[in-house]
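Student: Could you walk me through this one? I would like to start with what counts as a touch between residues.

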Amino acid sequence: MAFRIFRFRRFSTQLLVLLAGLFAVVQITVYLLVSRVNERNAIEHIDQNLRIGAKIFRRNLIERIDYLAATAKLMSTDYVIKPLLMTDESQIDRATLQTVLQSYIGRVNANVISLFSPEGKYLGSTDEKRGAENARPFKYLVEQATEKDMEQASGYSYLDGQLHVLVVVPLYAPYPNVGAWFGIAYPIDAKFANDIKATTQLDVTFLSNADEDDPRVLSTTLAPGMAAIVLRHRVNLEATGTAPVEMISLGKEPYVTLFERLDLLGEAPVRIALQRSLNVELAPARELEMIVLIISLAALATATIAALWVARGVSRPVQQLAQHTKLVAAGDYSQRITLPRADELGELATAFNQMTAGLAERDRVRNLLGMVVSPEIAAQLLQSDLKLGGEEREATILFCDLRDFTTFSEKMAPTEVLTLLNRYLDRMSGIIERHGGVIDKFIGDAIMALFGAPVAMADAPARAVAAARDMAQALDSLNAELRSEGKPTLAFGIGINTARVVAGNMGSKTRLNYTVIGDGVNLASRLEGLTKDPAYDTLIIASEATLAGITPRPFARELGEVKVKGKSDAVKIFALTAKGETKRPYSV
Amino acid sequence: MKPVLFPLLLAATLSAGAADFSCTVTSSKGEPVADAVVSLVPVGATVPPVAADAQVEIAQQGQEFSSYVTVVQAGTKVVFPNRDNVQHHVYSLSKPKKFELPLYNPGQAESIVFEVPGLVTVGCNIHDWMICHLVVVPTPWFAKSDSAGTAKISAPAGRYRLEVWHPRGAQAARELTLADGAATQESAVLTLKPDRRVKRPVGGRSSGY
């Protein structure tokens, strides 16, 4: 078949491949399916976590801003700074102001606190140099807050090249009159990133704007090499709304990544990358998958063993049956299969044994038939349906009868008689068969043989005559043997006739005989009887019809005519010698 | 009658020569405690008044008080000179003496007389980390422990109440007698509380803002 790629020589292999294969396919499919679903779930889960993480991050920043603003408001109500500002801006005691602001640092837990005029002009800072250098974004915030009449303003900016969240809070003198602005900044540094990671379990990386001349990692919870990969990753953050998560491979480990933008004061926005390792997220699922895999493999192994066991359970009896079939085909019916099984195979074995027994029986019958009847008749019987009735055909019938056998047998022991008779009949029937004749039956010491029935043959009369002559010669040699054995000799007579007879199975429905009947048969018997007449002086008498059937017609001594019972015409009869006549014999 | 009797008694008690006293102050962990105030307050005897010109200085320099712990006899004048380059606003809310020296410029000096014995904790209103302790004792016999935790006092023989005080812990007073010409050794073990002073922000302590 076209679709068959493999041809299995062994049923067990087929069953094994089928069972174990199917099982493996199911297991692998389930495993892959579960693995895929796990991975998809993990990604979805991370996606959610990342978005929650982004919110936490924003919330965290807002809280920082609120905290800074709240503490700054406390400072703004402090009395001591006010006297310092009760003078012209140019006259302010900056040294004392700086120490006062330093004192505030301890209260606020900020790194640098700066003071700005209501217009955003830098007045002083805990760190004069840094304060002055980084005054610009604060001024921007002050202007923004003044413009929008806000009680505080915040934003993100680089200070000293590092990302900070900036807050400006007014110093009311008195409320709501703004006497000055405090400027506080809080660094968005590695510590901040680690704080976010501690709450969200997410890796956080702050990246400068990708369009800068020298894009850099601002701060990260990742290893430097990994952060560099994230830095090189191009992402379009111009689009508003939530960006889809991306998969970034860091050191062969896939990280689900969410990019967010953080707008700066008057500068290009920076990027925030929130990430979580897929492997870490998948670890529990992978562990489960591993267990499933181990169970699957164990189950597969068990299935294979089970399949092998089943296959052997099936194929071994089948092989046994095949072996027996070969034996049976070779004619050995002696073996029997022992298969103690209750299933179909057991039934098959039983049926097989019965079949073998049946075959043996049939063979035995056939052999017996071959002995009881002649092989040709046996064949005829076996080939054709056994039915009564027959066909008319021409056949040559040979009768051979021992002379005075009844008186002969009375002189000997019955077993001896039987032995002798069998010896004689064996010789004769052998000759008849050699010449293609068929033993129709033994009638006591007499033999009835057919030539041309049941198998038609053209030279049946010639065969019959040749057989008769050989029989006569064989009797001579048998007599010679008997004489040497000191036993009495035998004599017989043979009658041969050729006629149309009815050949077929005769008898009752349960017991049949293949034979021929007709006047021609009776004549052959009568001709045999005539050989007893000393006047004829011959062992073999054949009818005109027989001799006429032989080409060339053999020479024979004509014995005259005999009347056949039930027929008006007389039949010419001839005597034949054992050796055969080479010239025309004398006539009586 | 009584006012006459007391000076006589005092004369009797403290008339003898000086006696050497030393006290070793250690923490409960066995470490020597410096800056502990050890004072001997006479029991049942009057105390000689403080000298009229007695003056102690607590300066402001480098945005710190010059001394963390200062001991004075009651009635001593304490001067607070500003030797700094920034203004200061020195004050105290302690019971023995509440005062305020509003913002005053470098070079200026203010002075206050502390009459009532007790602990006066002094701070600067604009510099949270500035703090000092002024211990006003009713006796001229006092000393501060050195780095080895040892405080040495030379006082007349007589009965005294030993008081040991430190910003982080004090010991209950106990009485003792100093014998004439004999050295008396005492020890005090203080259970120190954690140091809770405001840490001074160091300028540029962080790499960034």
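Tutor: Two residues are in contact if their C-beta atoms, placed from the backbone, lie within 7 Å. Please keep in mind that this is a predicted model.

Student: Okay, then which residues does A:Thr304 touch, leaving out those up to four places away in sequence?

Tutor: Leaving out those sequence neighbours, A:Thr304 touches A:Leu16 and A:Ala20. A:Thr304 itself sits in helix H8 of chain A, which covers residues 278-329.

Student: And how far is A:Thr304 from A:Gly21, in sequence and in space?

Tutor: They are 283 residues apart in sequence, while their C-alpha atoms are 8.9 Å apart in space.

Student: Why does A:Thr304 count as partly exposed?

Tutor: A:Thr304 has 16 C-beta neighbours inside 10 Å, and therefore it counts as partly exposed; a buried residue would need 20 or more, and an exposed one 12 or fewer.

Student: Switching topic, what is the strand order in the open sheet of five strands?

Tutor: In chain A the order is S7-S6-S10-S9-S8, with antiparallel pairing. Strands S7 (217-220) and S8 (246-250) of chain A stand at the edges with a single partner strand each, so one side of each lacks a neighbour in the sheet. From one strand to the next, the twist averages 30 degrees.

Student: How many bridges join S8(A) to S9 of chain A?

Tutor: Five bridges join S8(A) to strand S9 (residues 253-264) of chain A, and the two run antiparallel; A:Met247, for instance, has A:Val256 in S9(A) as its bridge partner.

Student: Which helix packs on that sheet?

Tutor: Helix H1 (residues 11-76) of chain A does, touching S9 and strand S10 (267-277) of chain A, and its direction makes about 25 degrees with that of S9(A).

Technical notes. Residues are numbered from 1 along each chain as its sequence is written. Chains are lettered from A and ligands numbered from 1 in the order in which they are written. This is a predicted model: local features need pLDDT of at least 70, side-chain atom pairs count only at pLDDT 80 or more; totals for chains, interfaces and linings use all residues. Two strands pair if DSSP finds at least two bridges between them. Helices (H or I, at least four residues) and strands (E, at least two) are DSSP runs, numbered from the N terminus. Axes are lines fitted to C-alpha atoms, for helices over the stretch in contact, and angles run from 0 to 180 degrees between N-to-C directions.
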